Amino acid sequence: MLTLDKFEEAAEIVKKVTNPTDLVYSEFFSNSCNNKVYLKPENMQYTGAYKVRGAYYKISTMTEAEREKGLVTASAGNHAQGVAYAAKKFGVKAIVVMPTTTPLIKVNRTKGYGAEVILHGDVYDDAAEYAVKLAKDRGMTFVHPFNDETVATGQGTIAYEIIKELPDVDYILVPIGGGGLACGVSTCAKLMNPNVKVIGVEPAGAASMTASFEVGHVTTLAHVDTIADGTAVRTPGDKVFPYVKKNLDDIITIEDSELTLTFLDMLENHKMVAENSGLLSVAALKHLNVKDKKIACIISGGNIDVITIASMVQHGLIQRGRVFTVSVNLPDRPGELAKVAGIIADLQGNVIRLEHNQFVNINRNTAVELIITLEAFGMEHKQKIIEGLAEKGYNPREVQVKM
């Protein structure tokens with residue numbers, strides 16, 4: 001049973017391995033949804049995510065015999081680092097099975113904490129199946145990343161800290177993958193204050209908890225497809241499901257495109273890097289039909305590789321209309337390029353790239369194709385630039401951005 005005494009005990013124990021993650025008031029997100037929004041930045045943990053809480057608390061409750069066998073776990077990345085770091089603190093051997101699609105930064109950091117890493121399967125569920133078999137074959141102790149009440153108790157210390165710091169919080173938004181974090185957070189929050197609303201948030205491409213809620217029991221998705229790799233779970237935990245079903249007030253699903261824009265908002269307004277799964281709670285703010293409420297968003301992790309960051313920024317700028325590409329055809333005569341540049345300059349557009357091709361047409365009146373990638377202030381400004389080119393007779397055609 002998950003009890004308040006256990007959450008209080010866990011809160012003291014996890015202090016040994018966690019950084020303080022005091023709530024950060026967000027003026028930007030507060031203004032955007034007409035509420036008072038606070039961020040719980042678990043991406044600032046030493047391991048880059050909240051998972052160290054559950055892992056360390058779980059190991060602290062084990063017997064010496066269980067620890068001496070060594071630990072095996074499966075993870076999409078963050079639990080892997082949590083177990084590896086916690087095991088190192090206890091001087092325990094750890095083997096971590098991770099999907100082959102796990103970002104390199106998560107793999108390398110897990111190894112860096114001293115764990116042996118095995119890459120297996122395309123998604124978490126494949127890795128977990130292999131890890132369970134490995135633990136059985138080698139006589140080691142399996143530590144489940146989410147389907148474990150003790151692990152969930154450790155994760156629930158996040159809610160304990162939120163309510164201690166902000167006793168009158170109205171809503172807590174929590175990302176959902178397998179359900180361990182949602183289980184711990186929702187149960188602890190309701191035990192401390194039954195009036196708190198706890199909303200789970202899932203990626204639309206991996207909404208296994210939503211599907212399970214609809215049928216009233218744990219169910220398995222045929223496949224998952226989302227950029228939120230940390231929450232790409234096909235089957236929620238059956239042990240934590242009853243707690244989640246009882247204590248969650250609602251579940252919101254988020255499209256990948258929303259995460260891209262939220263990433264850009266976080267980066268620009270808070271100078272904070274969060275992984276896609278960690279952004280679920282913030283993206284959900286636009287889906288809440290409430291005003292003048294105090295809302296805490298759990299930023300569950302920040303383990304995202306640099307290549308993905310670059311891609312997220314690029315796609316976010318395109319979605320916002322701040323970067324776009326147009327193609328125009330020009331007469332093949334001197335000065336035409338300068339005329340186009342002048343129109344763009346007058347409209348305060350900023351040219352990022354030009355491609356000038358004189359060989360697209362033998363008709364010299366439309367013989368030159370000019371492909372221009374521009375920076376704008378947003379959708380409205382982008383449209384003004386396109387309309388400005390059209391008014392001058394250049395018939396601009398928007399094309400896919402080349403970066």
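**Close-up views of the cavity and the cysteines**

View 1. One cavity of 30 Å³ or more is present in the structure, which is a predicted model. The volume of the largest cavity is about 270 Å³.

**View 2. Lining of the largest cavity.** A total of 24 residues line the largest cavity. Those that lie nearest its centre are Tyr 50, Lys 51, Gly 177, Gly 230 and Thr 231. Two elements, α5 (78–90) and α10 (180–192), each give two or more residues to this lining. Sorted by class, the lining of the largest cavity comprises 12 polar, nine nonpolar and three charged residues.

**View 3. Surroundings of Cys 33.** A search of the whole structure returns zero disulfides. The cysteine sulfur closest to that of Cys 33 belongs to Cys 297, and the separation is 7.7 Å, which is too far for a bond. A disulfide would require the two sulfur atoms to lie within 2.5 Å. With a relative accessibility of 10%, Cys 33 counts as buried, because the buried class covers values under 20%.

Key:
Residues numbered from 1 in each chain as written. Predicted model: local features only at pLDDT ≥ 70, side-chain atom pairs only at ≥ 80, totals over all residues. Heavy atoms only, no water. Buried < 20%, exposed > 50% of the residue type's maximum accessible area, 1.4 Å probe, protein only. 1 Å grid on protein atoms, 1.4 Å probe; cavity = no way out; pocket = protein on both sides within 12 Å on 5 of 7 lines; lining within 4 Å. Points joined across faces, edges and corners; volume = space filled by probe spheres on them. Helix = DSSP H or I, 4+ residues; strand = E, 2+ residues; numbered from the N terminus. Nonpolar A, V, L, I, M, F, W, Y, C, P; charged D, E, K, R; others polar.
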